[in-house]
Every structure is written in structure tokens, then in C-alpha cells.
Amino acid sequence: MQIRILGSAAGGGFPQWNCNCANCDGFRKGTLNASARTQSSIAISEDGVHWILCNASPDIRAQLASFDAMQPARALRDTGINAVLLCDSQVDHTTGLLMLREGLPLDVWCT
């Protein structure tokens, strides 16, 4: 099994656009040694070709662009995503479905 972490930050990502806590402020000022992170999402595959996306964050476009397996280019319109599993109904975990509307039909499972 392969697991790819696409994003690991809370809602809004890191740094959050409207937050001035020590971490977000320090990151913006360059005084905090940290990496920007997108909102939480992972991809799971048993063969490295067919992937299940767990949660579809608002950052899904950037997350998919950063992972070549999600854009295998086998056809004019193509994706490595075969299904989406929504672990809950939070806006931060479902909004990315709107970005996936232009792709191929996907199974969407929810808990």
C-alpha cells in the first residue's frame, strides 16, 4: 500500500491568511523555520496507479499538481483518482469536489 500526504495543515492551511499567531507571523517574517502547508488530504493506492483521495480540500488543485501520479496523461482528460472518500462533512474536506467536476466520473464515498 502506498500513502501520499497531500496536505497536513488545519483548515485554511499554514500560514493561515488571517492569523497573526507566533507561528503564522514568524513564518511570514522569516523568523520561523517552517514550510507552508496545504489543508489536510491524503491519497492511498495499492498499485501506485489507481488512487483513492481521502478528503478533497479547497487546496486540491495545488495538491494534485504537486503529485505526478494524479496526472498520468494516458488520455486527453485523465486522472489517477478513481474514488474520493470523505471522512466527514466539513467544508474543508469537501470543497475540493467542485474542482474535480471537470474530470472523469468518480465514485464518492462518505462516512
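Predicted model: local features only at pLDDT ≥ 70, side-chain atom pairs only at ≥ 80, totals over all residues.
Residues are numbered from 1 along each chain as its sequence is written, and side-chain values use heavy atoms, with hydrogens and water left out.

Let me begin with the layout. The protein chain holds three helices and five strands, where helices (H or I, at least four residues) and strands (E, at least two) are DSSP runs numbered from the N terminus. Read from that end, the order of the elements is β-α-β-β-α-β-α-β. The C-alpha trace spans about 45 × 25 × 25 Å along its principal axes. The accessible surface, computed by the Shrake-Rupley method with a 1.4 Å probe and, for residues, with only the protein chains shown counting as cover, comes to about 7000 Å², and 54% of that belongs to carbon and sulfur atoms. Of the 111 residues, 28% are buried, a term that means under 20% relative accessible area, with exposed meaning over 50% and partly exposed lying in between (1.4 Å probe, protein chains only). If we take contacts, meaning heavy atoms within 4.5 Å, with a separation of 6 or more, then 59% of them are between residues 24 or more positions apart.

Now to the inside. A nonpolar core here is a set of buried Ala, Val, Leu, Ile, Met, Phe, Trp, Tyr and Cys residues joined through side-chain atoms within 4.5 Å. The largest one has 13 residues, and those with the most contacts inside it are Leu53, Leu64, Met70, Ile81, Val84 and Leu100. Two or more residues each come from strand S3 (51-54), from H2 and from strand S4 (81-86), and S4 provides the largest share, with three residues. Which residues does Val84 contact, leaving aside its neighbours within four places in sequence? They are Leu53, Ala56, Leu97, Leu100, Leu106, Asp107, Val108 and Trp109.

The largest pocket comes next, with a volume of about 460 Å³. On a 1 Å grid over the protein atoms alone, a pocket is an open set of points where a 1.4 Å probe fits, with protein on both sides within 12 Å along at least five of seven lines, and lining residues have an atom within 4 Å of a point. Grid points are joined across faces, edges and corners, and the volume is the space filled by probe spheres set on the points. Of its 19 lining residues, Leu64, Gln71, Asp78, Met99 and Gly103 are the closest to the centre. Helix H2 (residues 60-65) gives the most to this lining, with three residues.

Val49, in the loop between strand S2 (41-45) and S3, is partly exposed at 36% relative accessible area, and its contacts beyond four places in sequence are Arg74, Gly80 and Asn82. Ser89, in the loop between S4 and helix H3 (91-94), is exposed, with a relative accessible area of 67%. Its C-alpha atom is 8.6 Å from that of Thr111, although the two are 22 residues apart along the chain. Thr111, in the segment after strand S5 (107-110), is likewise exposed, at 71%, and, not counting residues up to four places away in sequence, Thr111 touches Leu85, Leu86, Cys87 and Asp88.
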